[in-house]
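I opened the notebook to look up aromatic rings and the strands around them. The entries follow in the order I made them.

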Amino acid sequence: VHYDGISSDRSARRHRTRLTRSRRFEMARLHQRVAAVGLLVLLAVAGAAAQGEVVTLTDDTFEHHTQASSGQTTGAWFVKFYAPWCGHCRAMAGTWAELAVEVEGTGVIIADVDATANPITTDRFRGLVKGFPTLLLFRDRGVFKYKGARDLESLRAFATETFSQTSEKHDVPEPPSAFAKYFSKSTRALALFIIDAHGAFERAGKTAANDLGSVASGWRSGGVAGAL
């Protein structure tokens with residue numbers, strides 16, 4: 001009887017152990033399912049938020065959202081680099097918001113980056129960001145710089161159809177190293193000054209060329225009096 005009792009007790013303990021392991025396994029599977037569903041919900045919400053509105057990107061979120069250098073599996077991203085004090089940037093803000101609605105459902109996401117607050121991302125694309133606003137389209141595992149008119153139809157056509165016909169495809173720079181990030185933050189003011197100065201010199205050059213053309217035309221038609 002004594003041995004039978006010990007045997008029964010051991011059998012009961014093994015049974016309880018199997019039940020405990022089974023419950024733990026089921027709980028683990030349940031947690032995995034809940035986590036998977038939660039992830040899908042978050043992705044769906046993020047995708048819905050990205051479609052139809054302008055997404056604000058920062059140094060912390062740019063690569064994570066766009067996956068610019070890692071396959072661009074989140075879609076095509078049309079990104080405006082701007083400065084808050086830039087008059088041209090402010091003038092096109094309404095059109096940029098309309099564009100987000102216009103391209104909804106095409107797989108193109110409209111976004112912007114405040115260059116004055118995000119020096120790491122701005123410096124990463126310093127080869128393309130030469131003034132404000134700068135519009136870059138990330139798609140087809142490359143980046144295309146927009147140089148056309150800033151009306152809604154022209155922007156939409158470029159983002160969805162004509163980008164490869166009207167713009168050169170550039171390689172996407174790799175995400176910066178820790179040292180490069182530190183350097184970008186440390187030299188932010190200088191970098192913005194250089195970009196702004198480049199834009200100012202470019203505008204001044206165009207103005208000078210126009211003035212020279214006017215003088216030459218006046219000289220041909222009326223001599224010195226015409227030139228003046």
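Entry 1, ground rules. I am working with a predicted model, where local features need pLDDT of at least 70, side-chain atom pairs count only at pLDDT 80 or more, and totals for chains, interfaces and linings use all residues. I number residues from 1 along each chain as its sequence is written, and side-chain values use heavy atoms, with hydrogens and water left out.

I searched the whole structure and found 10 aromatic pairs. Rings of Phe, Tyr and Trp (its six-membered ring) pair if their centres lie within 6.5 Å; planes under 30 degrees apart count as stacked, over 60 as edge-to-face and the rest as tilted. I looked at Phe78 and Tyr146: their ring centres are 6.2 Å apart and their planes stand at 85°, so this pair is edge-to-face. Phe78 belongs to strand β2 (residues 76–82) and Tyr146 to strand β5 (residues 142–146), so the pair ties together parts 68 residues apart in sequence. Helices (H or I, at least four residues) and strands (E, at least two) are DSSP runs, numbered from the N terminus.

Buried means under 20% relative accessible area, exposed over 50%, and partly exposed in between (1.4 Å probe, protein chains only). Phe78 and Tyr146 are both buried. Phe125 counts as buried at 1% relative accessibility, and Phe138 counts as buried at 1%. I then checked β5: five of its five residues are buried, so the strand is largely enclosed by the rest of the structure. Gly142, Phe144 and Tyr146 point one way from β5, and Val143 and Lys145 the other way.

Entry 5, strand partners. Two strands pair if DSSP finds at least two bridges between them. I found β4 and β5 paired in the antiparallel sense over five bridges, with Val143 in β5 as the bridge partner of Phe138. Their hairpin has two residues between the strands, and Asp140 there takes a positive phi near 55°. β5 is also joined by two bridges to strand β6 (residues 169–170), running antiparallel. Lys169 in β6 is the bridge partner of Phe144.
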